[in-house]
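I opened my notebook to look up a few things in one structure. Here is what I wrote down.

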Amino acid sequence: MDDSRGRWAAAGAVTMVAGLATSYATAMALTIRESPVVAVAELIIRITPGPLAERIIRFVGQLDKPLLIFGIIVFLLAMGALAGILGRNSVIRPILVWLVLAALGAGAVMVQPGARIVDVLPVVVGFVTWVTVLSALVGPLITARHHPELESRERRVFLMVAGVLGLAAVGIAGAGRIVGSGRRHVAESRRLLRLDGVTRPLAPAGTAIGLTGIGSWQTPNDDFYLIHTAISVPTVEPKDWTLRIHGLVDRELTLTYNDLVARELTESWITLNCVSNEVGGGLVGNAWWSGIRIADILAEVGLDPSADCILQTSEDGWNCATPLSTLTDERNAMLAVAMNGKPLPIEHGFPVRTIVPGLYGYVSATKWVVDYEVTRFSDVVAFWTQRGWSEEGPVKIASRIDVPRSGADVTSGEVDVGGLAWAQHTGIDSVEVAIDGGEWMGAQLAETPSDDTWVQWAITVTLDEGEHELRVRATDKDGLEQTGVRRDVVPDGSTGWHTIQVNAT
Ligand SMILES: Nc1nc2c(c(=O)[nH]1)N[C@H]1C(S)=C(S)[C@@H](COP(=O)(O)O)O[C@H]1N2
Ligand SMILES: [Mo]
């Protein structure tokens with residue numbers, strides 16, 4: 001019986017390669033900074049004492065990092081071989097090896113600056129790959145051990161499975177590499193992009209009410225909520241981008257990126273929110289958007305009077321239908337190219353997305369937009385409307401208490417309460433707060449540059465010792481009062497008063 005360690009070690013090493021490949025591909029596809037192996041390398045660099053690191057660098061020069069990564073991979077292959085050999089007599093021992101390595105990888109990933117919990121996903125994928133691939137590979141080895149007469153057949157099966165898995169690993173890593181490099185190129189194009197005329201103003205005076213703890217009036221790009229169905233964010237080079245405008249138009253038009261940004265720019269503060277935002281939730285943000293007015297472009301192509309919407313499609317195939325009236329009226333519906341004075345972040349739709357004041361994102365704010373079909377609501381179904389969401393999605397009046405936090409302990413007596421309220425394109429007229437279901441009391445409002453943004457509000461209330469319930473409601477400039485009726489986010493946005501509990505002591 002040939003139960004040599006060699007084949008078990010090879011099985012372990014191939015398994016290691018497969019896990020490294022899937023974890024690398026996951027990192028690239030999800031555009032998670034770097035693979036776990038690189039995270040480990042960075043950690044080693046960080047914890048290597050300075051003088052020692054210097055000496056090493058003097059010795060190996062620019063090759064320090066490639067050599068380090070090479071060393072880590074050699075070490076990992078050895079650990080893989082060890083796991084394979086341990087697998088001869090135990091199912092558990094190799095798993096323990098994988099667990100220790102995965103823990104090291106996850107640790108290295110999580111100590112990176114700005115690490116998020118999703119960054120460990122590649123490690124998890126690698127671990128699952130290790131466990132499943134090793135058990136697939138050792139199948140033939142175990143059969144051969146118990147049936148010596150099948151030895152040569154099982155050897156062929158083993159080599160075949162190992163070969164196929166090895167090739168698959170290379171393929172997966174290669175695919176990940178292609179996705180990742182597309183991302184890096186687009187990030188570079190974005191960094192080098194100069195957009196004439198795009199300004200970067202500070203939040204206008206008076207928009208902050210001066211109570212710390214309220215969500216900042218201007219939302220920085222990095223803090224702006226993200227919603228998209230794409231798992232791997234589309235990477236579109238400006239030079240490859242076009243927008244085709246067709247359908248019920250007099251003259252079809254295809255715009256390139258240069259065509260678009262050569263046009264007159266419009267800029268404004270606009271608050272964008274998601275229909276899935278729960279009462280009191282954070283799927284809302286306010287930014288300075290720069291772009292090209294859609295109304296002007298539509299005037300050029302000429303609209304058929306029978307049309308009532310535009311079916312917008314993004315590079316990744318997501319779509320939504322937007323009422324033509326909101327794209328042609330006086331509001332600043334735009335093909336946005338910049339957000340807070342910077343080219344759109346890739347996750348927020350680089351190079352071009354739609355922004356329409358007063359509509360939820362799911363019916364308007366198409367990121368990586370490439371196609372506008374002028375059509376009729378009765379002729380189309382879009383991604384979310386197909387899934388039970390409403391065809392039209394005008395934003396609903398909403399208000400939120402940010403200070404104090406729900407469940408907070410506060411000092412009894414005078415307590416500052418504050419938050420944000422919004423009713424884009426109508427504007428907020430007033431905000432009121434009630435304590436323990438009592439009388440509504442008018443809050444003070446900060447200023448806003450237009451009705452398209454949210455507004456900060458604050459009020460000082462008096463709380464006796466004990467548990468209290470605070471709630472908020474807003475009224476828009478049409479006189480419509482925010483309803484207290486609690487509704488779920490489906491099909492057209494949540495309603496109800498944001499209500500919190502505090503304990504005054
Ligand atoms: N291509 C694409 N665009 C999209 C979506 C999407 O899933 N794919 N989601 C929409 C939804 S539901 C919202 S609320 C906004 C969110 O924009 P943000 O991620 O920039 O905040 O984008 C909209 N545009
Ligand atoms: Mo959304």
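This is a predicted model: local features need pLDDT of at least 70, side-chain atom pairs count only at pLDDT 80 or more; totals for chains, interfaces and linings use all residues.

I began with the second largest cavity, which has a volume of about 80 Å³. I found 13 residues lining this second largest cavity, and the closest to its centre are Ala321, Phe377, Ala382, Thr385 and Glu391. By class, I noted 10 nonpolar, two polar and one charged residues in that lining.

Residues are numbered from 1 along each chain as its sequence is written, chains are lettered from A and ligands numbered from 1 in the order in which they are written, and side-chain values use heavy atoms, with hydrogens and water left out.

I wrote down my terms. A cavity is a set of points, on a 1 Å grid over the protein atoms alone, where a 1.4 Å probe fits but cannot get out; lining residues have an atom within 4 Å of a point. A volume is the space filled by probe spheres set on the points, which are joined across faces, edges and corners. Nonpolar means Ala, Val, Leu, Ile, Met, Phe, Trp, Tyr, Cys and Pro; charged means Asp, Glu, Lys and Arg; the others, Gly among them, are polar.

How many cavities of 30 Å³ or more are there? I count four. I sorted the lining of the largest cavity into seven nonpolar, 10 polar and three charged residues. Domain 2 (221–387) and domain 3 (398–504) each give this lining at least three residues.

**Domains 2 and 3**

The bounds come from an automatic or database domain assignment. I put the centres of domain 2 and domain 3 30 Å apart, taken over C-alpha atoms. In contact (heavy atoms within 4.5 Å) are 22 residues of domain 2 and 19 residues of domain 3. The two domains bury about 1600 Å² between them, 56% of it on carbon and sulfur atoms. Trp269, Thr271 and Val279 supply 32% of the area that domain 2 buries against domain 3. Buried area is the accessible area (1.4 Å probe) that two parts lose on being put together, summed over both.

**Backbone**

I found a cis peptide bond between Phe350 and Pro351, with omega about 5°. Another joins Val403 and Pro404, with omega about -5°. Trp368 is not a glycine, yet has a positive phi of about 50°.

How values were computed: On a 1 Å grid over the protein atoms alone, a cavity is a set of points where a 1.4 Å probe fits but cannot get out, and a pocket is an open set with protein on both sides within 12 Å along at least five of seven lines; lining residues have an atom within 4 Å of a point.
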